[in-house]
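Reader: I have a structure open and some questions about it. Can we go through it piece by piece?

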Amino acid sequence: MTKCLVTGGAGFIGSHIIENLLNLGHEVVCLDNFDAYYSPQLKGKNIEPFMKNAHFKLVEGDIRDKALLNQTLDGVEYVFHEAAQAGVRISVEAPMKPHEINATGTLNLLESVLDSDVRKVINASSSSVYGRVEYLPFDEDHPNQPVSPYGVSKLLAEHYCRVFEELYGLKSVSLRYFTVYGPRMRPDLAINIFTKAALKNEPITIFGDGEKTRDFTYVDDIVRANLICMEKGSGVYNIGAGNSISINDLARKIIEINESKSEIVYSDSVKGDAEHTLASSEKALKELAWNPEITVEEGLERYAKWMSNFQS
Ligand SMILES: NC(=O)c1ccc[n+]([C@@H]2O[C@H](COP(=O)([O-])OP(=O)(O)OC[C@H]3O[C@@H](n4cnc5c(N)ncnc54)[C@H](O)[C@@H]3O)[C@@H](O)[C@H]2O)c1
């Protein structure tokens, strides 16, 4: 049995990683401060099913607390680093918090990891590190011109991981997730907001003209990439479905899947949102033997099913 730490484990992606690690028979420590960015009650619900598992331990606290990290890392072999101030828009309104958690918090974690027996850090990065589009799909050599403070903070975290490997030999990998969705997803993300509106036949609001495109990636594919990285991989990898659709098409698909009468309405566009994202995951295929398995159609169906059970 391998002991793993999942930072931000009470959040959306972290809770899926924990579920899979426990199913594989690993021991898991979840470190989360239940940040109020969105409902701490929802985060409590995310991890409720694990609380009775003898192989699961919750540590409530902050990745910026070094003393706590040093205790928490005792016996840990792999760190899945999901804790972050996620969200592009909030970072435009208040850039300091994402910097403090995502950049300084990651640096703090890496420093603590140096004094531990951790074999590898698997760092959650983001397609936001690309920002301004020079060509599509993004491969890992595409220039990094983030267009939001969030993207800058995630790029800094990646660089800290790289430099810690080069200077101190700490093994790490940074996975650049492309817009993740699925059960328990963050309430601030479009698929969640659109599906909730569709189920109530309420209007679906799109910011801007809806022609921005996104590469939506189902959470199970993201988790699989994380697990593979316990054994393989170093440096950065795109982890994306490799198919982009416009926000207009996304809203239409969600209306159709949920047999909804919702109408689409438009509001002012939001600063900091990238124009387009689309992953080339060729490097992940070659080096990790990872391939996305879930199409957006299948993922949206699964999500709609989950959401209607969750709400009833
Ligand atoms: N969801 C996506 O579409 C997406 C896309 C790209 C990258 N990511 C990255 O994936 C990771 C997980 O994202 P998510 O969507 O699950 O977000 P989330 O907000 O659901 O999860 C993050 C968790 O981190 C915790 N946290 C925040 N600050 C903390 C701190 N200082 N100390 C300890 N815990 C703290 C939060 O309470 C939360 O439970 C993040 O690093 C995010 O940047 C997410």
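This is a predicted model: local features need pLDDT of at least 70, side-chain atom pairs count only at pLDDT 80 or more; totals for chains, interfaces and linings use all residues.

Reader: Start with the ligand. Which residues come nearest to it?

Author: There are 29 residues around the ligand, and Asp32, Tyr38, Tyr150, Lys154 and Val180 come nearest.

Reader: What does the side chain of Asp32 do there?

Author: One of its polar atoms lies 2.7 Å from an oxygen atom of the ligand. Lys43 also has a side-chain N or O atom by a ligand oxygen, at 2.9 Å.

Reader: Next, the second largest pocket. How much space lies in it?

Author: About 270 Å³. Its lining has 15 residues, and those nearest the centre are Leu42, Asn46, Arg184, Trp306 and Phe310.

Reader: Which elements give two or more residues to that lining?

Author: Helix 2 (40–47), helix 7 (190–199) and helix 11 (296–311). Helix 11 gives the most, with five residues.

Reader: How does the lining divide into nonpolar, polar and charged?

Author: Nine residues of that pocket's lining are nonpolar, three are polar and three are charged.

Reader: What lines the largest cavity?

Author: His81, Glu82, Ala83, Ala84, Asn102, Thr106, Asn123, Ala124, Lys154 and Ala157. Lys154 comes up again here, having been listed among the residues that come nearest the ligand.

Reader: Which elements supply at least two residues each to the cavity lining?

Author: Helix 5 (96–114), strand 5 (120–126) and helix 6 (149–168). By type, the cavity lining has four nonpolar residues, four polar and two charged.

Reader: Is Asp221 buried or exposed?

Author: Buried, because its relative accessibility is 1%, and the cut-off for buried is under 20%.

Reader: What lies 3.0 Å from a polar atom of its side chain?

Author: The backbone nitrogen of Glu293. Beyond its neighbours within four places in sequence, Asp221 is in contact with Ile239, Trp290, Asn291, Pro292, Glu293 and Ile294.

Reader: Last one, Ser262. Which loop is it in?

Author: The loop between helix 9 (247–257) and strand 13 (264–267).

Reader: Buried or exposed, for Ser262?

Author: Buried, with a relative accessible area of 8%.

Reader: Which backbone atoms does the Ser262 side chain have within reach?

Author: The side chain reaches the backbone oxygen of Glu202 at 2.6 Å. A polar atom of that side chain also lies 3.4 Å from the backbone oxygen of Ala197.

Reader: And what is Ser262 in contact with, leaving aside neighbours within four places in sequence?

Author: Ala197, Ala198, Asn201, Glu202, Ile204 and Ile255. Ala197 and Glu202 from the previous answer are both in that list.

Methods:
Residues are numbered from 1 along each chain as its sequence is written. Side-chain values use heavy atoms; hydrogens and water are left out. On a 1 Å grid over the protein atoms alone, a cavity is a set of points where a 1.4 Å probe fits but cannot get out, and a pocket is an open set with protein on both sides within 12 Å along at least five of seven lines; lining residues have an atom within 4 Å of a point. Grid points are joined across faces, edges and corners, and a volume is the space filled by probe spheres set on the points. Helices (H or I, at least four residues) and strands (E, at least two) are DSSP runs, numbered from the N terminus. Ala, Val, Leu, Ile, Met, Phe, Trp, Tyr, Cys and Pro count as nonpolar, Asp, Glu, Lys and Arg as charged, and the others, Gly among them, as polar. Buried means under 20% relative accessible area, exposed over 50%, partly exposed in between (1.4 Å probe, protein chains only). A polar contact is a pair of N or O atoms within 3.5 Å; within protein, one must be able to donate a hydrogen and the other to accept it, and residues adjacent in sequence count only if both atoms are side-chain atoms. Contact means heavy atoms within 4.5 Å. A residue is near a molecule or strand if one of its heavy atoms lies within 4 Å of it.
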